[in-house]
Amino acid sequence: MTTDNRPQIALIYDFDGTLAPGNMQEFGFIQAIGDDIDQFWKKCNKLAEKNDANHILTYMYTMLNEARADGISLKRKSFKKFGSMVKLFPGVEQWFTEINKVGDALGLDVKHYINSSGLREMIEGTPIYHEFEAIYSSTYLYDVDGVAYWPGQAVDSIAKTQFIFKIARGIKEMSDNMKVNEYMPSEALPVKYEHMVYFGDGFTDVPSMTLIRNYGGHSVAVYADESCKEKAQKLIEQQRVDFIAKADYTLNGEIYNVVTSILKKIKADLDFNSLLHSHNPHTK
């Protein structure tokens with residue numbers, strides 16, 4: 001619960017392919033180091049496969065290595081500059097204000113979270129950075145001169161699931177590995193799992209989508225265009241998500257209508273449980 005006693009609702013978003021098309025590195029950084037998009041990702045994947053290494057760590061290493069070789073600044077402000085070039089899906093910039101209004105009308109406290117393998121530094125450069133309660137994503141360590149030199153966090157598909165538990169417990173620090181493992185009864189959780197909605201675009205989001213769905217929350221698979229719809233449809237068929245929708249966040253679009261319906265359901269369930277408890281205090 002928040003200080004004003006409204007139930008907290010967590011809308012949790014992957015970034016690449018979910019709020020923005022493609023990968024964030026493809027909106028300026030890859031071009032700046034003189035690669036084309038396919039060439040860059042082939043280098044990252046080859047490095048991972050050759051060394052049986054984590055794909056997130058290898059892309060982060062490749063970014064550092066290629067930038068140094070081409071004299072590209074590795075300071076946080078440079079990453080933010082590349083982040084400012086990221087194109088967002090239609091309606092994303094207005095989405096947070098509009099869906100918050102729906103929550104307010106229902107008496108719900110809607111909060112937004114990023115759960116991404118992309119770079120926090122680049123997300124900080126986007127116009128929606130200030131909309132998030134917390135950002136759980138990959139990030140670099142910086143030396144005394146403010147230059148990136150080593151990964152600080154590398155968030156892959158499995159690592160993403162830990163942040164679901166942190167959101168439930170109200171833990172914003174990515175570095176925490178103590179409080180997240182402490183016992184907390186479900187009724188004491190600041191954010192209930194059934195009050196979570198996860199937005200993702202593909203198989204790297206499947207563990208988080210499945211986790212939230214299994215705990216009573218909802219998952220939405222978004223797709224950029226019709227060529228990507230089949231992949232999202234498979235997630236429905238495999239019962240890993242509840243909904244699929246084109247990545248259009250405009251007012252009264254499909255995602256808006258889906259999430260509005262979910263919020264109304266949460267409100268109805270809360271009202272029903274309150275009524276039930278008032279008649280039978282022994283119910284949970």
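Predicted model: local features only at pLDDT ≥ 70, side-chain atom pairs only at ≥ 80, totals over all residues.
Q: In what sense does β1 pair with β2 and with β5?
A: With β2, β1 pairs in the parallel sense over 6 bridges. Its pairing with β5 is also in the parallel sense, over 4 bridges. On the β2 side, glutamine 8 stands opposite aspartate 109; on the β5 side, isoleucine 12 has tyrosine 198 as its bridge partner.

Q: How many residues of β1 are buried, and which way do they point?
A: Strand β1 is mostly covered, with 6 of its 6 residues buried. Gln8, Ala10 and Ile12 point one way, while Ile9, Leu11 and Tyr13 point the other way. Both sets are buried.

Q: How is the packing of α5 and α10 to be read, and at roughly what angle do their axes cross?
A: Two packed helices are described by the angle between their axes and the distance between the axes. Here, the axes of α5 (residues 92-106) and α10 come within 10 Å and cross at roughly 25 degrees. An angle under 35 degrees counts as roughly parallel, and α5 and α10 are therefore roughly parallel to each other. The crossing of α5 past α10 is right-handed.

Q: Which residues of α5 and α10 meet?
A: From α5, the residues are Trp95, Glu98, Ile99, Val102, Gly103 and Leu106. They meet Ile255, Tyr256, Val259, Thr260, Leu263, Lys264 and Lys267 of α10.

Q: Is lysine 160 buried or exposed, and which residues does it touch?
A: Lysine 160 belongs to helix α7, residues 159-169. Its relative accessible area is 1%, so it is buried. Leaving aside residues up to four places away in sequence, lysine 160 touches Asp14, Asn115, Ser116, Ser117, Val155, Tyr198, Thr204, Asp205 and Ser208.

Q: Where is serine 208 found, and is it buried or exposed?
A: Serine 208 is found in helix α8, residues 206-214. At 0% relative accessibility, serine 208 counts as buried. Again not counting residues up to four places away in sequence, serine 208 touches Asn115, Lys160, Thr161, Ile164 and Tyr198.

Q: Which residues other than glycine have a positive phi?
A: Most residues other than glycine have a negative phi, and most peptide bonds are trans. Aspartate 52 has a positive phi of about 50 degrees, and asparagine 252 has a positive phi near 70 degrees. Aspartate 52 lies in the loop between α2 (37-51) and α3, and at 75% relative accessibility it counts as exposed. Asparagine 252 lies in the loop between β7 and α10; its relative accessible area is 53%, so it is exposed.

Q: How many disulfides are there, and is cysteine 44 buried or exposed?
A: A disulfide is a covalent bond between the sulfur atoms of two cysteines. With a cut-off of 2.5 Å between cysteine sulfur atoms, the count comes to 0 disulfides. Cysteine 44 is buried at a relative accessible area of 1%, whereas cysteine 228 is partly exposed at 29%.

Q: What separates the C-alpha atoms of asparagine 181 and isoleucine 255?
A: They are separated by 33 Å, the two residues being 74 residues apart along the chain. Asparagine 181 is in the loop between α7 and β5, and its 62% relative accessibility counts as exposed.

Note on methods: Residues numbered from 1 in each chain as written. Heavy atoms only, no water. Buried < 20%, exposed > 50% of the residue type's maximum accessible area, 1.4 Å probe, protein only. Helix = DSSP H or I, 4+ residues; strand = E, 2+ residues; numbered from the N terminus. Contact = heavy atoms within 4.5 Å. Axes fitted to C-alpha atoms, helices over the stretch in contact; angles between N-to-C directions. Parallel < 35°, antiparallel > 145°, perpendicular 65-115°, else oblique. Left-handed = near helix turned anticlockwise from the far one by under 90°. Pairing = 2+ DSSP bridges.
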